[in-house]
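I opened a new notebook page for this structure.

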Amino acid sequence: AHLARIDAVDEKVHAFLHIDREGALAQARAVDAKREAGEKLGPLAGVPLALKDIFTTKDMPTTVGSKILEGWVPPYDATLTQKLRDADVVILGKTNMDEFAMGSSTENSAYGPTGNPWDLTRIPGGSGGGSSAALASYEAPLAIGTDTGGSIRQPAAVTGTVGVKPTYGGVSRYGMVAFSSSLDQGGPCARTVLDAALLHEAIAGHDPLDSTSIDAPVPPVVEAARNGSVQGMRVGVVKQFRGEGYQAGVLQRFDESVELLKSLGATIVELDCPSFDLALSAYYLIAPSECSSNLARFDAMRYGLRVGDDGTKSAEEVTALTREAGFGDEVKRRIILGTYALSSGYYDAYYGSAQKVRTLITQDFEKAFEQVDVIVSPTTPTTAFPIGERADDPMAMYLADLCTIPTNLAGNSAMSLPCGLAPEDGLPVGLQIIAPAMKDDRLYKVGSAVE
Ligand code: GLN
């Protein structure tokens, strides 16, 4: 049924870069056979899923939305991919994304944009716009995203779906193509809080193949999602998550959500987190710096594209020609920015100060979580904007992640879930819930209470 739905709508939505029809049907039949044989089934047996094209899959290409990896089929599965297979999930295919997860609209994909199913002329968010669009268009009931600065939550917000950035280290990064390794985090996307929890539980947990993976029990997210409540909880509202640039209808739906939390028994606490105003600036030094180092591996020798290898050119020339042809503008912009920020003489001024700001943000969160159990905010300052509107204005594009970035810098967990439609444009608005590290269960407890 989901393959038929994809056939009917994906030409217009363009959520998928690769559809694995045969593989999906074979997997579904294998689940049926197991069931008939009375074998033990995985927790998500037979449930179809759309996988962001940033996770390696040994039976499907992995492009990361880039020409530089066009047609590359990895020799191994990411840990997350393996966990999906162990859970008996049916992987439908790989979803569209901004190249190397750099963007907030999926317009930076080398394979063309994805449309927002609510209005195909608008962006589905990014970088994981393909995954969120697949959910909103009913092409898949579950999807996987990655969130470096908001790429799970911002697409969820603008498509009226649920997305969770787990605690940093909660879900393995092994086989997830690296953008900014100290920020990147894979996580679940779904249409309901409980669905997200079931997927979260299936993909989370310690992985010896990822040195930053947390060796502790997975927070009890499914139990929390089944027992939604905010009775007696202290909920923080941060003064910095409001002001100029926020759409009136977004703030209206957010304020209504705060009222709802109060009526359900939560106590609202006003918080001041002054360093959050610096989060975007710190992020756009740290993320490009790490990216400039991580993307050095795309040298035309090891993977994918190789341009100009006609036997007359040096390896250096082939590398340069391949990068010139294979990387898009935003990726090049970030490599240049990051290389500059890390260069000797500038390192302390740029990368060094950004790291100090990162510590201040972590401290602001620590102080906040002495007073509250969770923090709430709008997920994004505006609803989905038209395709093309911000394509030539990187600063305007970067502002889409104003509310999501502090969480990545601190390594906390956060969720976005729908909280109504903005009255002025009828488009979905996202409510963000933020919890301390390894308290991901609180997201689900609060999320399912207000869903
Ligand atoms: N939009 C942010 C960026 O462009 C975040 C992307 C992400 O979370 N992968 O870097």
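My entries follow, in the order I looked things up.

**Model.** I am working from a predicted model. I keep that in mind for every value below.

**Ligand shell.** I started with the ligand. I count 13 residues around the ligand. The closest are Ala-101, Ser-104, Thr-148, Gly-149 and Ser-151. Next I sorted the shell by class. Seven residues of the shell are polar, four are nonpolar and two are charged.

**Annotated positions.** Which residues does UniProt mark as "active site"? The record, an unreviewed entry, lists Lys-52, Ser-127 and Ser-151. Ser-151 is also one of the closest residues to the ligand. I then checked how far apart the three annotated residues sit. They are spread over 100 residues of sequence, yet they cluster in space. The largest C-alpha distance among them is 10.9 Å.

I located two of them in the fold. Lys-52 belongs to strand β2, which covers residues 48-52. Ser-127 is in the loop that links β3 (90-95) to α4 (129-136).

Is the peptide bond from Gly-126 to Ser-127 cis or trans? I find it cis, with omega near 10°.

Asp-88 lies in the loop between α3 (79-86) and β3.

**α6 with α15.** I moved on to helix packing. Helix α6 spans residues 193-203 and helix α15 spans residues 440-450. They pack at an angle of about 160°, and their axes are 9 Å apart. Angles over 145 degrees count as roughly antiparallel, so α6 is roughly antiparallel to α15. The crossing of the two is left-handed. On the α6 side I list Val-193, Leu-194 and Ala-197. On the α15 side I list Tyr-444, Gly-447 and Ser-448. This contact of α6 with α15 has four nonpolar residues, two polar and no charged.

**α9 with α11.** How are α9 and α11 oriented to each other? Helix α9 (residues 279-294) packs against helix α11 (residues 329-342) at about 100°, with axes 7 Å apart. The range from 65 to 115 degrees counts as roughly perpendicular, and α9 and α11 are therefore roughly perpendicular to each other. From α9, the contact takes in Leu-285, Pro-288, Ser-289, Cys-291 and Ser-292. From α11, I noted several residues, including Arg-334, Ile-335, Leu-337 and Gly-338. By class, the contact of α9 with α11 has seven nonpolar, four polar and one charged.

**α9 with α12.** Helix α9 also packs with helix α12 (residues 348-371). The angle is about 125°, and the axes are 9 Å apart. That makes α9 oblique to α12. The crossing of α9 and α12 is left-handed. Ala-279, Ala-282, Leu-285, Ile-286 and Ser-289 of α9 make the contact. Their partners in α12 include Tyr-350, Tyr-351, Ala-354 and Arg-358. The contact of α9 with α12 divides into nine nonpolar residues, one polar and one charged.

Terms used
Residues numbered from 1 in each chain as written. Predicted model: local features only at pLDDT ≥ 70, side-chain atom pairs only at ≥ 80, totals over all residues. Near = placed C-beta within 6 Å. Nonpolar A, V, L, I, M, F, W, Y, C, P; charged D, E, K, R; others polar. Axes fitted to C-alpha atoms, helices over the stretch in contact; angles between N-to-C directions. Helix = DSSP H or I, 4+ residues; strand = E, 2+ residues; numbered from the N terminus. Parallel < 35°, antiparallel > 145°, perpendicular 65-115°, else oblique. Left-handed = near helix turned anticlockwise from the far one by under 90°. Contact = placed C-beta atoms within 7 Å. UniProt positions renumbered as here; feature names shortened; annotations may be inferred.
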